[in-house]
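Please look through the structure below before reading on. The briefing covers the ligand, the salt bridges, a surface patch and some backbone details.

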Amino acid sequence: MNILNGNEVAKEIKLRIKAEVEELKNSGKKTPHLAAILVGTDGASMTYVNAKAKDCAEVGFQSSVFHFDANITKEALIQEIIQINNNPEIDGLIVQLPLPKHIPEKEVTETISFKKDVDGFHPMNVGYMFKGLPCYLPATPYGIVQMLEHYKIETSGKHCVVIGRSDIVGKPMGALMLQKNCTVTTCHSKTQNMKEMCLQADIIIAAVGIPEFLKADMVKAGAVVVDVGITRVEDPNSSKGYVLKGDVDYKNVAPKCSWITPVPGGVGPMTRVGLLLNTLQAVQNS
Ligand code: NAP
């Protein structure tokens with residue numbers, strides 16, 4: 001069994017991005033600039049936004065956080081997004097989700113200019129992605145593809161089972177694996193015979209959000225397993241009071257695999273790199 005080490009691959013890609021930023025600076029071109037909109041004071045959202053700003057600093061990007069009160073109106077937030085859309089200093093814009101209940105995510109997502117939509121959530125980018133045209137890919141599937149390519153995992157003609165069909169992970173993941181010439185099966189909560197489906201897979205990508213959902217008896221010997229899930233599970237023995245669990249019963253599944261991602265240190269760092277790659281692309285597009 002071999003480890004798909006997201007920390008290592010992310011480190012390598014970040015060094016490459018940093019070198020490209022240096023080159024842009026040396027040739028008098030613009031430094032990539034990522035803006036993040038944060039509404040309210042949700043602890044997890046603040047942590048994610050801070051982590052993204054830290055990643056930007058690490059590779060030499062500029063970053064800005066536009067932090068608004070949870071009571072901001074939908075109209076005011078949309079005006080702020082329009083101003084950022086029109087600001088030539090900013091290349092990429094993300095709105096940290098979830099938003100307060102009175103602000104519809106769809107309307108906000110669709111207000112972001114698709115040219116600055118480095119999360120890849122705008123319907124224009126989704127459409128381009130499904131057609132296999134240049135666009136911003138959603139960070140998690142993008143990062144996973146980068147990792148599979150790094151380790152030269154054979155995809156052509158392989159059967160890939162994606163568990164989960166969310167707009168940000170499962171659906172785009174299936175589309176990207178299809179573009180990599182896999183035969184793709186997408187499973188979800190209504191799928192029957194989940195075990196039989198998974199047993200046919202050469203590659204399993206689990207994005208369910210249920211800790212240890214994928215058991216050893218669902219995985220054929222030699223399969224490649226990518227675990228997207230991250231769920232906080234209470235653990236009184238941990239100093240934080242919780243541990244992070246993936247969607248894969250790692251202890252029992254890992255010995256059967258040819259390759260597997262750990263949690264943490266697998267998909268998480270690759271997701272962060274996906275956003276950086278999109279932001280680098282954004283400055284080249286602007
Ligand atoms: P989501 O929107 O909740 O989607 C979960 C998917 O799993 C849905 O399509 C759902 O099916 C399916 N599902 C639920 N129960 C199932 C069951 N019993 N059998 C089969 N399928 C089932 O979640 P998400 O945003 O895609 O995220 C999935 C997990 O990945 C979460 O743990 C999340 O925290 C994690 N995540 C990690 C990263 C990272 O960087 N590592 C990034 C994004 C997400 P239905 O559509 O039928 O409801």
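How many salt bridges does the structure hold? The structure holds 10 salt bridges, a salt bridge being a side-chain nitrogen of Lys or Arg within 4 Å of a carboxyl oxygen of Asp or Glu. This is a predicted model, in which local features need pLDDT of at least 70 and side-chain atom pairs count only at pLDDT 80 or more, while totals for chains, interfaces and linings use all residues. Residues are numbered from 1 along each chain as its sequence is written, and side-chain values use heavy atoms, with hydrogens and water left out.

**Ligand**

- There are 21 residues around the ligand, and Arg165, Ser166, Ser189, Val228 and Thr271 come nearest; a residue is near a molecule if one of its heavy atoms lies within 4 Å of it.
- The shell divides into 10 nonpolar residues, 10 polar residues and one charged residue. Here Ala, Val, Leu, Ile, Met, Phe, Trp, Tyr, Cys and Pro count as nonpolar, Asp, Glu, Lys and Arg as charged, and the others, Gly among them, as polar.
- Helix α10 (residues 267-285) gives the most to this shell, with three residues. Helices (H or I, at least four residues) and strands (E, at least two) are DSSP runs, numbered from the N terminus.
- An oxygen atom of the ligand is 2.7 Å from an N or O atom in the side chain of arginine 165, and an oxygen atom of the ligand is 2.5 Å from an N or O atom in the side chain of serine 166.
- The protein covers 69% of the 930 Å² of accessible area that the ligand has on its own. Accessible areas come from the Shrake-Rupley method with a 1.4 Å probe; for residues, only the protein chains shown count as cover.

- Side chains of opposite charge can pair when their charged atoms come close.
- Glutamate 107 and lysine 74 form a salt bridge, with their closest N and O atoms 3.2 Å apart. This pair links distant parts of the chain, since glutamate 107 is in helix α4 (residues 105-111) and lysine 74 in helix α3 (residues 74-85), 33 residues apart.
- Lysine 171 and aspartate 167 meet through their side chains in a salt bridge (2.8 Å, N to O). Aspartate 167 is exposed, at 58% relative accessible area, whereas lysine 171 is partly exposed, at 41%. Buried means under 20% relative accessible area, exposed over 50%, and partly exposed in between (1.4 Å probe, protein chains only).
- In another salt bridge, the side chains of aspartate 202 and lysine 220 meet (2.9 Å, N to O). Aspartate 202 lies in the loop between α8 (194-199) and β7 (203-206) and lysine 220 in the loop between β7 and β8 (224-227), so this pair ties together parts 18 residues apart in sequence.

**Surface patch**

- Met124, Tyr128 and Leu133 make a nonpolar surface patch of about 230 Å². Patches are made of residues with over 30% relative accessible area and no salt bridge: like charges are joined within 9 Å, nonpolar side chains (Val, Leu, Ile, Met, Phe, Trp, Tyr) within 5 Å.
- Methionine 124 lies in helix α5 (residues 123-131).

**Backbone**

- Most residues other than glycine have a negative phi, and most peptide bonds are trans.
- Leucine 97 and proline 98 are joined by a cis peptide bond, with omega about 5 degrees.
- Lysine 152 has a positive phi, near 55 degrees, and is exposed at 73% relative accessibility.

Technical notes
Polar contact = N/O pair within 3.5 Å; in protein donor to acceptor, adjacent residues only side chain to side chain.
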